[in-house]
Amino acid sequence: MSIRPVKHESRATPTMEGAGVKLHRVFGFGDPSMTDPFLMMDDFRNDNPSDYIRGFPWHPHRGIETITYVLAGTVEHGDSLGNQGLLGAGDVQWMTAGSGIMHQEMPKGDFAGRMHGFQLWANLPSSLKMTAPRYQDIKSADIPVIVDDDGTAVRVITGDFWGKMGPVDGIAAEPVYLDISVPPGKRKSFPVDTYRSAFAYIFAGSGTFRDASKPFGVKVEKEYQGQELNIRDLSGNRTLVVFDTGDEVTVQAGEEGIRFLLVTGKPIREPVAWHGPIVMNTREELMQAMRDLQNGTFIKADH
């Protein structure tokens with residue numbers, strides 16, 4: 001077995017989307033080859049309803065799949081095809097936008113006002129860019145959870161892992177999407193396909209994937225007594241780790257344990273022409289999508 005080395009590590013950055021939702025961008029709108037086939041990921045986490053309640057009103061998507069995973073609160077969604085529903089804590093929605101869809105997502109906090117979830121964008125290959133839109137709404141109770149002897153817990157959202165198959169199916173990138181919790185101080189290895197793109201996103205606790213030797217904090221700027229200091233932040237919170245090739249990912253959990261998403265997928269390796277929520281292969285296809293939006297032909301008839 002060969003442990004995948006870390007080739008990139010960064011912190012999620014604050015940004016604003018939709019109608020003023022404050023969130024953290026894990027990656028996106030940079031070099032799409034680094035995480036191919038995944039284009040963007042946002043961590044929307046907030047305890048202040050005024051920072052998210054205006055939500056993500058009607059907007060278009062074409063050429064991609066959006067994966068929404070809710071940890072706290074709810075997300076009400078609806079679209080131009082008449083679909084609507086409510087995602088609760090632990091639920092997942094995997095939307096294949098394909099040829100085009102208009103939809104909206106409106107988050108709402110739990111009893112304490114807390115809202116937390118993730119949205120990941122996966123690219124579609126050219127052969128499926130104009131496929132029929134498709135929804136997969138998965139309830140929390142339908143997502144298998146595996147607990148190993150050492151207390152490590154894995155929610156298998158999609159893909160085959162440790163003998164369990166996630167409930168999301170028929171996805172172009174053939175992804176594995178896992179929510180993993182490793183107890184304090186434990187060193188744990190997870191098998192991955194050698195040549196698939198792979199990244200981890202730490203959102204609770206601390207730990208390291210670098211040689212799995214000791215918890216490693218990334219450098220961050222913090223203010224102390226009026227001065228900006230560069231210090232090592234050992235929390236690991238909101239840290240993206242992108243891996244090089246290898247057939248296993250190894251993590252060493254810190255004293256608080258660690259919780260992270262582990263996502264792998266088959267690279268598409270095609271040109272990317274990208275404008276906001278529309279991702280095609282060429283500039284001409286992108287311009288055609290803009291024309292379709294303007295002349296009312298963006299939503300296609302049933303395929």
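Which element gives the largest share of the lining of the largest pocket? The legends below take up this question and then turn to single residues. The model is predicted, so local features need pLDDT of at least 70 and side-chain atom pairs count only at pLDDT 80 or more, whereas totals for chains, interfaces and linings use all residues. Residues are numbered from 1 along each chain as its sequence is written, and side-chain values use heavy atoms, with hydrogens and water left out.

**View 1. The largest pocket and its lining.** The largest share of this lining, 5 residues, comes from β5. A pocket here is an open set of points, on a 1 Å grid over the protein atoms alone, where a 1.4 Å probe fits and where protein lies on both sides within 12 Å along at least five of seven lines; a lining residue has an atom within 4 Å of a point. The volume of the largest pocket is about 330 Å³, a volume being the space filled by probe spheres set on the grid points, which are joined across faces, edges and corners. The lining is made of 20 residues, and those nearest the centre of the pocket are E17, F56, H59, Q119 and W121. Two or more lining residues are given by each of β3 (21-27), β4 (38-46), β5 (56-61) and β11 (115-123), where a strand is a DSSP run of E with at least two residues, a helix is a run of H or I with at least four, and both are numbered from the N terminus. By class, the lining has 10 nonpolar, 6 polar and 4 charged residues; Ala, Val, Leu, Ile, Met, Phe, Trp, Tyr, Cys and Pro count as nonpolar, Asp, Glu, Lys and Arg as charged, and the others, Gly among them, as polar.

**View 2. R25 in strand β3.** R25 is found in strand β3, and it counts as buried because its relative accessibility is 12%, where buried means under 20% relative accessible area, exposed over 50%, and partly exposed in between, with a 1.4 Å probe and protein chains only. The side chains of R25 and E17 are joined by a polar contact of 3.0 Å. Such a contact is a pair of N or O atoms within 3.5 Å; within protein, one must be able to donate a hydrogen and the other to accept it, and residues adjacent in sequence count only if both atoms are side-chain atoms. When residues up to four places away in sequence are not counted, R25 touches A12, T13, T15, E17, M40, M41 and D42, contact meaning heavy atoms within 4.5 Å.

**View 3. H61 in strand β5.** The place of H61 is in strand β5, and H61 is buried because its relative accessible area is 1%. Its side chain makes a polar contact of 3.4 Å with the side chain of H103. Apart from neighbours within four places in sequence, the residues in contact with H61 include M95, W121, P277 and F298.

**View 4. R155 in strand β14.** R155 lies in strand β14, which spans residues 153-158, and its relative accessibility of 13% is why R155 counts as buried. The side chain of R155 makes a polar contact of 2.9 Å with the side chain of Y69, and another polar contact, also of 2.9 Å, joins the side chains of R155 and S140. Although R155 and S140 are 15 residues apart in sequence, their C-alpha atoms are 9.6 Å apart in space.

View 5. Most residues other than glycine have a negative phi, and most peptide bonds are trans. The peptide bond from D36 to P37 is cis, with omega near 15°, and P37 has its place in the loop between β3 and β4. R238, which is not a glycine, has a positive phi of about 60°; this residue is in the loop between β21 (227-233) and β22 (239-243), and R238 counts as buried because its relative accessibility is 18%. R269 is not a glycine either and has a positive phi of about 55°; its place is in the loop between β23 (248-265) and β24 (273-275), and R269 is exposed because its relative accessible area is 65%.
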